[in-house]
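Here is a short walk through one model. Keep the structure open as you read.

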Amino acid sequence: MKIRDLFSMARPLRSFEVFPPKRDGDVESLYRCFEELRPLKPDFISVTYGAGGTNAGLHYEISAHLIKMGITPLAHFTCVGHSKAQIREQLDRLKGAGVENILALRGDPPKGSLRFEKPEDGFGHASELVEFIREHYDFCIGVAGYPELHPEAESADSDLKYLKRKAEAGADFITTQFFFSNADYAAFVTRLRTVRIHIPVIPGVMPVLTPKFFARDWGVKIPPALREAVESASSPEEAEARGIAFAAEQCKGLLRLGTPGLHLYAMNKAQASLKIYEALEGA
Ligand SMILES: Cc1cc2nc3c(=O)[nH]c(=O)nc-3n(C[C@H](O)[C@H](O)[C@H](O)COP(=O)(O)OP(=O)(O)OC[C@H]3O[C@@H](n4cnc5c(N)ncnc54)[C@H](O)[C@@H]3O)c2cc1C
């Protein structure tokens, strides 16, 4: 199933993001997570692609497993460390596994480097990957968008210009980096429409489950109320419940805005997603 064909449904899409576990043995617990998510009837589950192709084997295996379960995978794919020939090889493999949807990304600079280095005979920007995929394959293509700007963006205008380039190169939809202010998402979509980017923009929502989340600089604004709620909890369970309650409220607000879907960063665990949908269905 191509994700672009799902947007005509009269309801927002339900999607979840997972990553290939570091150790091959942990894949079974990921598959249990899929079973737990199954009652939510995911429209698709997206599987991240490690920088430099780490866990590349598992990435294919996980996508193939989802297909076997009857769940549509969205396989992330980055330009990191790949020549065009290698990209073709990997995309051929994904196609062979039955994958129909690719999230086309540039990828982050490898650990220890500050700047993304264009691989020899490879691509320096996601828009080039989108163009290449459009030229050679029939995949449905998603791309990344950043309501609060990409951390390396020269300016808001340049970020928008390059996002438009991805849309014009043939992207079918945008999935956003997570954010905590729905007003930022709404403003982002308005900016896109102003420059005639009309493809669907699926908002990414990250349930914060532990105070440790705040130790990392994610490049997005953290609302003081969220931080205070999670950090002041008297137990890990309470912290998790407060983070989930915040995410559920954020999702309700997004649905009121009429978003084309909700993309939950499930982080290989189903519980938070199940509780968010429980809250949404009870609302
Ligand atoms: C939903 C989502 C999923 C992700 N999944 C993964 C994953 O699975 N694996 C992974 O490694 N990373 C993942 N990432 C992170 C992503 O790889 C990084 O944010 C990366 O730094 C940028 O990727 P991009 O595709 O947005 O790049 P691009 O669209 O190429 O943009 C990167 C930067 O370059 C600028 N730019 C774009 N085109 C040009 C140009 N022609 N000239 C000059 N500047 C330009 C942009 O303004 C931006 O600042 C994900 C991000 C999101 C939002």
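This is a predicted model: local features need pLDDT of at least 70, side-chain atom pairs count only at pLDDT 80 or more; totals for chains, interfaces and linings use all residues.

A polar contact is a pair of N or O atoms within 3.5 Å.

Start at Arg165. One of its polar side-chain atoms sits 3.2 Å from a nitrogen atom of the ligand. Backbone atoms take part as well. A backbone N or O atom of Gly107 is 3.2 Å from a ligand oxygen atom. For Ala153, a polar backbone atom lies 3.3 Å from an oxygen atom of the ligand. How much of the ligand does the protein bury? Alone, the ligand exposes 980 Å², and the protein buries 87% of that.

Now look at the shell. Strands S3 (73–78), S4 (101–105) and S6 (173–178) and helix H5 (156–168) each give two or more residues to it. H5 supplies the largest share, four residues. Of the 24 residues around the ligand, Tyr49, Asp108, Tyr146, Asp159 and Lys166 come nearest. By class, the shell holds nine nonpolar, nine polar and six charged residues.

Move to strand S2 (residues 44–47), which contains Ser46. Ser46 counts as buried because its relative accessibility is 0%. Its side chain makes a polar contact of 3.5 Å with the side chain of Glu17. Beyond its sequence neighbours within four places, Ser46 touches residues including Phe16, Val18, Leu74 and His263.

The buried residues of H1 (residues 27–37) are Val27, Leu30, Tyr31, Cys33, Phe34 and Leu37. They cover an arc of only 150 degrees around the axis, so they lie on the same side of H1. These buried residues pack against strand S1 (13–18), S2, helix H2 (56–69) and helix H9 (271–282).

Note on methods:
Residues are numbered from 1 along each chain as its sequence is written. Side-chain values use heavy atoms; hydrogens and water are left out. Buried means under 20% relative accessible area, exposed over 50%, partly exposed in between (1.4 Å probe, protein chains only). A polar contact is a pair of N or O atoms within 3.5 Å; within protein, one must be able to donate a hydrogen and the other to accept it, and residues adjacent in sequence count only if both atoms are side-chain atoms. Contact means heavy atoms within 4.5 Å. The arc is that of the directions from the helix axis to the C-beta atoms. A residue is near a molecule or strand if one of its heavy atoms lies within 4 Å of it. Accessible areas come from the Shrake-Rupley method with a 1.4 Å probe; for residues, only the protein chains shown count as cover. Ala, Val, Leu, Ile, Met, Phe, Trp, Tyr, Cys and Pro count as nonpolar, Asp, Glu, Lys and Arg as charged, and the others, Gly among them, as polar.
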